Amino acid sequence: MPATSSTTVDADGSARVAFRSAAGLLWPAVVFLGLTLLRTHGISRTFWLLGDQILYWRIALGSWRDLPIGGGPSSVGGTTLGPVFCWTLWAIRHLVGPWCDNLPHAGGIGLSICQSAADALLFAALWRYTSSLALALAFTLFVATAPFDLALSATIWNPPLAVAFVKTSLAVVLLGGRDPSAKWDAAAAAPALLAVQAHSSAVFFAAPLISSLVARPLVARRWREAGRRVVVIATVVLVLEAPFLADLVAHSGHSTSPAVVVSSVSYILSHPAALRPMASFGAVVAACARILFQPATLPWAGALFVACLILAGIRVRHDLTIVMAAVAPPCCAVIGFAFWRLPYDDYWFMCIVPCVALSAALAFTLSRAAVSAGALVLLTAATLATPARIATANRLFHLPEYEPLVAGSRLIRRRAPQIRSLDTVFALPPSTDPLFVYEILGGRIADGASFTATIRADGSVKFEEATAGSSGGDHH
């Protein structure tokens, strides 16, 4: 049953719900717990352990003194604009790691918790904004069970953390109302900026949102208030970017600019005919459709994409910040990626997918009758689609060999604190180091060790004497 509540109405006519019963906290808690369990189900058996995950988890296993204060490596060259991903992962290693023998799947669990917490907050914010529990549940279930995002959020990779920050910022914007205080603006700007630190593609969300926080009082001709908001936002930026700026000063010769981006933009500015607005639009629409609707296909995704943005813009036209947080980011992404000369990758658009989905939800609330009659239909459809979406997610970004690798590494460590070499009878991805788990458990590779070890597909281990080559026995 929905929470017992009283409803007030803002100047724009949008309903607000003041929750006065335990259900107002119970439902977000259920959403958080359910999504966390869903994201982490089977993670200790099939964790996606590739080279990037090993690299980042090695950083997390180190001392805080060795954490980067500047940006991490970026796939488009240079570095990211801050260290939040590495710092978050280091915190996860200390909070979750001890429960998992500090094995790398602890990182996936921690990042899943971050995503689920953001989903629960955004669910509560949308419920309050629309006064519809069914619509908020349908939106959250649909976004959180998107197979691409669902599978990737349980890995050690930075885009899912950026998405969590985007969702958090969206929730703050919805909760803040049409004329929020400077504190609410700071609370919305901070996660938006941290999203950019986690993954540079979040700039298409953060830039319009943060600019709207200053533009809103300017449009209302409240000049003094606009000045205060500039100070507040500038303070947030300086505080959060202080580590990056300090590293920039300390390593002035180190390149931080995204070389590939700079090259693409420079070329387009010199050759305007090479601008690719239609290709960019197609890439944004196709990526959002694949991420949100997989395994289903949506042949009319482009028309739905445009319609949702237009209707959402009409619905929230009196609230500049929500327009810039939900409607503007997909448009900015289309403009920005028109300057991109290389092939497009779906994960670049993960940060705008929550904005697209929120625009669809807001468009749906344009008619109160549609919310009353259709919210339960949407929730039913999202619920019925969930099993197929989970099955699709289970085929993405998983490494079934992780379970025997961990089981075998445990057996080897119990038998031998050091070995000469370790091999597996099953194939691993080229970037996956078979020694990594064994070394985390305290094992060591030494030239003078007496045994070599081979892990079988069932997790059992074959030991051989390193000197004579004779069998040292099988262990299960």
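User: How accessible is R222, buried or exposed or partly exposed?

Analyst: This is a predicted model. In it, R222 has a relative accessibility of 34%, so it counts as partly exposed.

User: Which residue forms a salt bridge with R222?

Analyst: The partner is D179, and the closest N and O atoms of the two residues are 3.3 Å apart. The two residues link distant parts of the chain, 43 residues apart: D179 is in the loop between α8 and α9, while R222 is in the loop between α10 and α11.

User: What about R229, which residue is its salt-bridge partner?

Analyst: R229 forms a salt bridge with D185, with 2.4 Å between the closest N and O atoms. Helix α11 holds R229 and helix α9 holds D185, so this pair ties together parts that are 44 residues apart in sequence. Both R229 and D185 are buried.

User: Which residues are joined with them into one network?

Analyst: The network consists of D185, R216, E225, R228 and R229, joined by salt bridges that share partners.

User: And how many salt bridges does the count come to?

Analyst: The count comes to ten salt bridges. One of them is between the side chains of D119 and R39, at 2.7 Å from N to O. D119 lies in helix α5 (residues 105-130) and R39 in helix α1 (residues 23-40), so the contact ties together parts that are 80 residues apart in sequence. D119 and R39 are both buried.

User: Turning to α8: how far does that helix reach from its first C-alpha to its last?

Analyst: Helix α8 has 19 residues and reaches 27 Å between those two atoms, close to the 27 Å expected at 1.5 Å a residue.

User: How many of its residues are buried?

Analyst: Of the 19 residues of α8, 17 are buried, so the helix is largely enclosed by the rest of the structure.

User: What follows α8?

Analyst: G177 follows, and its phi is positive, near 85°.

User: On to the aromatics. How many aromatic pairs are there?

Analyst: The count comes to 16 aromatic pairs. One of these is formed by F148 and F397, in an edge-to-face arrangement with 5.4 Å centre to centre and 80° between the planes.

User: Which residues do ring pairs link into a cluster?

Analyst: The cluster is made of W157, F204, F337, W340, Y344, Y347, W348 and F349.

User: Which ring does the charged end of R415 sit over?

Analyst: The charged end of R415 sits over the ring of F451, 4.8 Å from its centre. R415 also lies over the face of F463, at 4.8 Å from that ring centre.

User: Next, where is T145, and what does its side chain contact?

Analyst: T145 is in the loop between α6 (133-144) and α7. Its relative accessible area is 0%, so T145 is buried. The side chain of T145 makes a polar contact with the side chain of R389, at 3.1 Å. Leaving aside residues up to four places away in sequence, T145 touches L38, L150, T386 and R389.

User: And where is L399?

Analyst: L399 is in the loop between α17 and α18. With a relative accessible area of 5%, L399 is buried. Beyond residues up to four places away in sequence, L399 touches R45, T46, F47, W48, L49 and P429. The C-alpha atoms of L399 and L50 are separated by 8.8 Å, although the residues are 349 apart along the chain.

User: Lastly, the whole chain: how many helices and strands are there?

Analyst: The protein chain has 19 helices and eight strands. Buried residues make up 50% of its 476 residues. Among contacts between residues at least 6 apart in sequence, 75% join residues at least 24 apart.

Terms used. Residues numbered from 1 in each chain as written. Predicted model: local features only at pLDDT ≥ 70, side-chain atom pairs only at ≥ 80, totals over all residues. Heavy atoms only, no water. Salt bridge = Lys/Arg side-chain N within 4 Å of Asp/Glu carboxyl O. Helix = DSSP H or I, 4+ residues; strand = E, 2+ residues; numbered from the N terminus. Buried < 20%, exposed > 50% of the residue type's maximum accessible area, 1.4 Å probe, protein only. Expected span 1.5 Å × (residues − 1). Phe/Tyr/Trp six-rings, centres within 6.5 Å; stacked < 30°, edge-to-face > 60°. Lys NZ or Arg CZ within 6 Å of the ring centre and 35° of its normal. Polar contact = N/O pair within 3.5 Å; in protein donor to acceptor, adjacent residues only side chain to side chain. Contact = heavy atoms within 4.5 Å.
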